[in-house]
Amino acid sequence: MCCLLLVARDCIMFVLVDMVDTVRISPWDFHKRLNDAIAEELNKKLANKVVYNVGLCICLYDITKMDDSFIFPGDGASHTKVNFRYVVFHPFLDEVLVGKIKYCSQEGVHVTMGFFDDILIPPESLQQPAKFDEAEQVWLWEYETDEGAHDLYMDQGEEIRFRVTDEVFVDTSPTGPATATEDTAAQPGQSTGPPPEAAVEKKEAPYTLLGTISEPGLGLLSWWNN
Amino acid sequence: MLSNFEIFKLLTDLKEQRKDSGKNKHSVGQQNLNTIMYETLKYLSKTPCSRQSPEIVKEFLTTMMPHKLTKAEKLQVLNHRPQTAVEIQLMVEESEERLSEEQIEELIQTIAEILPGDPEQENKTPAEMEEAAENS
């Protein structure tokens, strides 16, 4: 992607990011107002997509500068260099957010915000002591009171308040074709090499947030509301 | 400064605009924008920012000036509308040192007064609500 990032204005949860890109407009869209065609192309390219080290792009905020459009030989489409600002979901470190519990696993509690799904609260960041109930596949907080331990379950669908502790960006751009390794040179008469395990890649989320709920006020909203 | 309210307003306006654009918005290329807009609006409509307006935000920021909170802290309060001391302590760094108990109470009061709350949540005493509405 030929997007160049200039400045990110830090604000809360949603950030305005200055970007530069050359937008290609096909000839059949020439009847549209240039600004509308450009806005459409930018949204088509970026909306609901994660930009590496930037965040989840939501929608175009505005166009700040537009250079002249060019038509290159051999391609009937016009190319326009555009400076614009895009609304990006990128919470800051330590920000407090509210989401819903998607499901629990050995890895921790998976939280979703509807428009963003890849939020994980690892077991060490849960209110302690915490236990994973294998049968019900749910994490629970063994809350100690004077009357004894009270198990607070972290059920699916419950609203949960958490603090952002870390973010992980994974570059999921396609890699080139796998290069043949030296020892797969099959000799006549021998069986073929090891099964192509590498062909089935594990799908990794391009942008993951790690959170914590081990603080007063964090965790299920129902724990703290009277 | 970009609060949740501004994003909510931006997406709501964009949605209105796209309603008038006709069939174009269902083309394959626009699906991603539709999805993200729908989900983000769904999320934000359940937060305090959906009940805010530019005037409310302005009034809130003016009233908050003497409390000397940072921009990030004010924005978090605006977006979450904390109602208890515990929530305030989550959003304001070192709140025990910077704010006294009375100041925290005052803050909670100010927030409750200026930022509109969830009508469902506050319907616990419908008789009192009706009375207040009549008197206003």
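Predicted model: local features only at pLDDT ≥ 70, side-chain atom pairs only at ≥ 80, totals over all residues.

What is the mean pLDDT of chain B, and what percentage of its residues reach 70 or more? Then take the helix pair α3(B) and α4(B): which residues meet there?

Modeller: Chain B has a mean pLDDT of 83, and 84% of its residues reach 70 or more. Within chain B, confidence is highest in helix α2 (residues 31-45), with a mean of 93. It is lowest in helix α8 (residues 126-135) of chain B, where the mean is 50. For the model as a whole, ipTM is 0.82 and pTM is 0.83.

Now the helix pair. Helix α3 of chain B covers residues 54-64, and helix α4 of chain B covers residues 71-80. Their axes come within 11 Å and cross at roughly 135°. That angle is why α3(B) counts as oblique to α4(B). The crossing of α3(B) past α4(B) is right-handed. From α3(B), the residues in the contact are V57(B), F60(B), L61(B) and M64(B). They meet K74(B), V77(B) and L78(B) of α4(B). By class, this contact has six nonpolar residues, one charged residue and no polar ones.

On to chain A. Its mean pLDDT is 85, with 84% of residues at 70 or more. Two stretches need care. Residues 5-11 of chain A have pLDDT below 50, yet this stretch has 22 contacts in the model beyond near neighbours in sequence. Residues 182-187 of chain A also stay under 50, but there the model has zero contacts beyond four places in sequence.

Follow the chain A backbone into its strands. N48(A) sits in the loop between α1 (34-46) and β3 of chain A. Its phi is positive, near 65°, and N48(A) is not a glycine. Most residues other than glycine have a negative phi, and most peptide bonds are trans. Next comes strand β3 (residues 50-51) of chain A, which pairs antiparallel with strand β4 (residues 55-71) of chain A over two bridges. V50(A) stands opposite L56(A) of β4(A). These two strands form a hairpin with three residues between them. In that turn, N53(A) has a positive phi of about 65°.

One of the bridge pairs is M66(A) with V82(A) in β5(A). β4(A) and β5(A) also make a hairpin, with six residues between them. G74(A), in its turn, has a positive phi of about 90°.

Further along is a cis peptide bond. It joins Q128(A) and P129(A), with omega at about -5°. P129(A) lies in the loop between β8 (119-121) and β9 (130-133) of chain A. Strand β9 of chain A belongs to an open sheet of three strands, in the order β9-β10-β11, with antiparallel pairing. β9 and β11 (148-153) of chain A are its edge strands, each pairing on one side only. The twist averages 35° from one strand to the next. Six bridges link strand β10 (residues 138-145) of chain A to β11(A), in the antiparallel sense. Among the partners, E142(A) is bridged to D151(A) in β11(A).

Conventions:
Residues numbered from 1 in each chain as written. Chains lettered and ligands numbered in written order. Heavy atoms only, no water. Pairing = 2+ DSSP bridges. Helix = DSSP H or I, 4+ residues; strand = E, 2+ residues; numbered from the N terminus. pLDDT = per-residue confidence, 0-100. Contact = heavy atoms within 4.5 Å. Axes fitted to C-alpha atoms, helices over the stretch in contact; angles between N-to-C directions. Parallel < 35°, antiparallel > 145°, perpendicular 65-115°, else oblique. Left-handed = near helix turned anticlockwise from the far one by under 90°. Nonpolar A, V, L, I, M, F, W, Y, C, P; charged D, E, K, R; others polar.
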